[in-house]
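User: I have not looked at this one before. Can you walk me through it?

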Amino acid sequence: MAAATLAPSAIEHSVRQHQENPASKYALPVDEPEGQRLISQHWTCKSLFGGRLVWAPIEFTKDTKVLENATGTGIWLLDLASSIDPSVEMQGIDIESRLFAKSLPKNISLRVGNLLSHPSDWTNTFDLLNQRFLMVALEIPQWPQALNEMLRVLKPGGWVQICEPSAWRDASPDRTRPGLTTLNALVRALGAQRNLFLECGEAMPGLLEKAGFVDVHKEVRSVKMGAWGGDDGVKQMVNYIDVFRGLKTPILKAGGYGLVSTEADFDALIEGLEAELEGTEGDVLYSIFWARKPIV
Ligand SMILES: C[S@@+](CC[C@H](N)C(=O)[O-])C[C@H]1O[C@@H](n2cnc3c(N)ncnc32)[C@H](O)[C@@H]1O
């Protein structure tokens, strides 16, 4: 970790590696621990959805073309590739290449790109477009723009599939979790400052319809956070805490929003979070949406 070059109001701290594209407000790191978190999140998310990676009714043939927006490490593509025809062409794009898997099968290619402006010659190209976990990446007005681009690059009749979590829900409201309350307030402040759409999951069916997609479907699963959710619940909790941990640099660079004033304050919130989460039966909803581009 390096010392940060900070704006006057910023709180001094050891920084993690973040993407530097000025066109992006993406708030999570792009370093090795984040790559590991994304891979772990893939497996727990897959398990949550009964091992099913594709909900859109697609039959994979040698002519099928798949695109993943904001692919991160490419783990979803890599996992899918292991169970379908090896001649299916799979393309992943991300605004940042640092997380890309180093070793790929011949039918997967990863490249740097912004999901808000795909290449002009991709119009009507893909049968399936997958996109997950952009909640802390896209500004509110960028969501319609992103969905318009998805519509453009899908073939007529092609399917989009999107996965996003919902906000935290509390199954035992009598308990108090001051650390979590403060961390949630910090994330809301960061989201407001960057104009991020933290409620994009709730809005997704309407956004898809407004963009022109039809046959909009939704599958929702509850993630039980902590030991009450078994092994996966513990993994989900660790992952959830790592998301907060990963937001430290943007929060402290912004000066802590009047909620934390030193790095030690922030670290203490993170350190106390596991005990708070283990003391409650909290869950988060994950939703997968899929919808079709009209044929005409
Ligand atoms: C939380 S990660 C999810 C990665 C992957 N979808 C997964 O499920 O493991 C979000 C990813 O979005 C990428 N990203 C953010 N803004 C983007 C943009 N405008 N265009 C393309 N990728 C973007 C980030 O670099 C990061 O890899």
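Analyst: Start with Q41, which counts as buried because its relative accessibility is 7%, under the 20% cut-off. Keep in mind that this is a predicted model.

User: Where does Q41 lie?

Analyst: Q41 is part of helix α1, which covers residues 32-48.

User: And which residues does Q41 touch, leaving out those up to four places away in sequence?

Analyst: Q41 touches F133, N239 and Y286.

User: Switching to the ligand. Which residues come nearest?

Analyst: A70, D94, N114, L115 and R132, out of the 18 residues around the ligand.

User: What are the distances for A70, D94 and L115?

Analyst: A polar backbone atom of A70 is 2.7 Å from a nitrogen atom of the ligand. For D94, a polar side-chain atom lies 2.6 Å from a ligand oxygen atom. L115 has a polar backbone atom 3.0 Å from a nitrogen atom of the ligand.

User: How much of the ligand's accessible area does the protein cover?

Analyst: 98% of the 590 Å² that the ligand has on its own.

User: What is the shell made of, by class?

Analyst: The shell has 10 nonpolar residues, five polar and three charged.

User: Now the rings. How many aromatic pairs are there?

Analyst: Five. One of them is F49 with W55, an edge-to-face pair with 6.0 Å centre to centre and 75° between the planes.

User: Are F49 and W55 buried or exposed?

Analyst: F49 counts as buried at 2% relative accessibility, and W55 counts as buried at 9%. Together with W290, F49 and W55 form one aromatic cluster.

Key. Residues are numbered from 1 along each chain as its sequence is written. This is a predicted model: local features need pLDDT of at least 70, side-chain atom pairs count only at pLDDT 80 or more; totals for chains, interfaces and linings use all residues. Side-chain values use heavy atoms; hydrogens and water are left out. A residue is near a molecule or strand if one of its heavy atoms lies within 4 Å of it. A polar contact is a pair of N or O atoms within 3.5 Å; within protein, one must be able to donate a hydrogen and the other to accept it, and residues adjacent in sequence count only if both atoms are side-chain atoms. Accessible areas come from the Shrake-Rupley method with a 1.4 Å probe; for residues, only the protein chains shown count as cover. Ala, Val, Leu, Ile, Met, Phe, Trp, Tyr, Cys and Pro count as nonpolar, Asp, Glu, Lys and Arg as charged, and the others, Gly among them, as polar. Helices (H or I, at least four residues) and strands (E, at least two) are DSSP runs, numbered from the N terminus. Buried means under 20% relative accessible area, exposed over 50%, partly exposed in between (1.4 Å probe, protein chains only). Contact means heavy atoms within 4.5 Å. Rings of Phe, Tyr and Trp (its six-membered ring) pair if their centres lie within 6.5 Å; planes under 30 degrees apart count as stacked, over 60 as edge-to-face and the rest as tilted.
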